[in-house]
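Please describe this structure for someone who is meeting it for the first time. A short report under plain headings would be welcome.

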Amino acid sequence: VPLPRAPRVCTDRGNSASPTDDSGDDEETASPTDKSELHHTIKNLSLKLDDLSTCNDLIAKHGAALQRSLSELDGLRIPADSSEKLKVVNERATLFRITSNAMINACRDFLELAETHSRKWQRALQYEQEQRVHLEETIEQLAKQHNSLERAFRGAPGRASTTTKSYSEGSLSTSKGEDSEEDEDTEYFDAMEDATSFITVITQAKEDRKAEGGTGTGPVDWTSPDNMLDGASFVPTEPSKVKRRARIPDKPNYSLNLWSIMKNCIGRELSKIPMPVNFNEPLSMLQRLTEDLEYHHLLDKAVHCTNPVEQMCLVAAFSVSSYSTTVHRIAKPFNPMLGETFELDRLDDMGLRSICEQVSHHPPSAAHYVFSKHGWSLWQEITISSKFRGKYLSIMPLGAIHLEFQTSGNHYVWRKSTSTVHNIIVGKLWIDQTGDIEIVNHKTNDRCQLKFLPYSYFSKDVARKVTGVVSDSQGKAHYVLSGSWDEQMECAKIVQSSPSSPNMEGKQKTVYQTLPAKLLWKKYPLPENAENMYYFSELALTLNEHEEGVAPTDSRLRPDQRLMEKGHWDQANVEKQRLEEKQRLSRRRRMEACSRGCGGSEDAEKEVDVYMPLWFEKRLDPLTGEMACMYKGGYWEAKERQDWHMCPNIF
């Protein structure tokens, strides 16, 4: 009986197709090597199918031969005892034949399916490749058509030969008049449906002063060197009177498998999941909240604005500047302990005093109050909601920010945008800020609409872009804002506005004729060696510096955070577990006390974690209609007396 030949087995693992991730970070087109591996894999699969077909035929052939041999034995004259054994063997052979036939049929079905689907896969792959090429050609053609239309629009009769900036639904393109030359290498930008749609035409300062429909803002002289929106005067000139540290120990090089921890966190609230300090930076969320004050001089300058729409421009620049520290800060801050506080007593050099308190643990919520001797105050209660979605992490700060100027009584309210950390699983981590922010002056009803444009793969525009328009209570636009949340913001005064011609979809854009833009805010350069110090700014480097006289609940005194800053991460993790267990014990004691006080009722179970903040109290916010923690006073008086007997022992 001939033996079946052994199936061919590919032992060259180096030529087999290796598994790759589906993160979308691979090259745009398949390389020749990828195509060669694909063809090699298909060839190997075809050989395996041939081997399976050969084995199928051999099993059928030898099974039939075995059945014939048993039938011949059955016809011979043999003893009775051997006849019984032969009967058993014959039955087993019959079962084997039935089973083999079933296996053969299954193999035949598999073979047919494999051959059919193999052809389908090849056709589908070929179709996808053709569609990709077609899509690339279509995009290139549309970009060229868009370029031609732009040139035709700028070259239309009656168009002024001025420098233009087009903010077309979030995209930006620049030219220098109708006589400018453009080549085929012009950059093209994708259109974002939800972006503000307007066009800005920049003219000279002395032109169009009396243009019909102009939106001049009264007696303010834009060209005056003393104008409040002159960005050159925004750099603070008052030197610090206290010598503060300019560096911290370098970040140690600890390896950690991020995915091994994060894979169990998909869809969950991260504040409820214990994390090692390896994911952190040596600052608490209270200190990160205080970092929003780094460009406080914008508000100091805004105090002297008599024109509310000009003041709104500075407030908008301040709101955007708070995100500039996040561009490289991919590590998370420490989640504060319940009752933890952080003070920033900088009346001498910054002209302000700031106090934060962690008023809730689940969800994590911090209350903040700032007083400036220059004539403004700011307060907020921010609740952090964060969800891990698999490839990215969404961080949503909830709560209103209030800013009030004492002299004018102007009261501004706005909310923060959503932060997203991308490439959690594979690739380099990066942060994006997205969403719309509306800043409202509740005294004058002036408004500023800011849009944080999300990063787009197809866009070649400036990354981290922000655009906006400042309008008065009648809805009349006065200023156009533009810039990026990690670098700078500019504003341009509108002297005339008019609707554009409708596009093919019937939509119209507003055309704003503006004066040249003025710099509102520019980010400070990072300190030397910042990449080894968690990319901290000059202010951030000083926030965890030890200071005498602070409350015993101050973040500077948190032991695990201090150990991490010194580079002792293993000890910091041990200390972090101790603090978390201590906090859980305190919560159980509050539950027991509440249960005893309420007689063990169901209402007691619903209010098990009632915590009364020390320096803040819940009040109804009359402007937002929400309950929020507001500063009730007493902290700075307690510091003056050095009387901290009321503070809980949380560390």
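Predicted model: local features only at pLDDT ≥ 70, side-chain atom pairs only at ≥ 80, totals over all residues.

The patch itself is formed by Asp50, Asp109, Glu112 and Glu115.

Asp50 has its place in helix α1, which spans residues 32-74. Its relative accessibility is 41%, so Asp50 counts as partly exposed, a term that applies here to values between 20% and 50%.

## Strand β14 and its partners

Strand β14, made of residues 430-441, is joined by 2 bridges to strand β12, residues 411-415, and these two strands run antiparallel. Within this pairing, Tyr412 stands opposite Asn441 in β14.

With strand β13, residues 418-422, β14 also pairs in the antiparallel sense, here over 5 bridges.

In β15, Gln449 is the bridge partner of Glu438.

Together β14 and β15 form a hairpin, with 5 residues lying between the two strands. In the turn, Asn445 has a positive phi of about 70°.

As a point of background for viewing such strands, side chains in a regular strand alternate between the two faces of the sheet.

How values were computed:
Residues numbered from 1 in each chain as written. Heavy atoms only, no water. Patch = residues over 30% accessible without salt bridge, like charges linked within 9 Å, V, L, I, M, F, W, Y side chains within 5 Å. Areas by Shrake-Rupley, 256 points an atom, 1.4 Å probe, with all protein chains shown as cover. Salt bridge = Lys/Arg side-chain N within 4 Å of Asp/Glu carboxyl O. Lys, Arg positive; Asp, Glu negative; His and termini not counted. Charge placed at Lys NZ, Arg CZ, Asp CG, Glu CD. Helix = DSSP H or I, 4+ residues; strand = E, 2+ residues; numbered from the N terminus. Buried < 20%, exposed > 50% of the residue type's maximum accessible area, 1.4 Å probe, protein only. Pairing = 2+ DSSP bridges.
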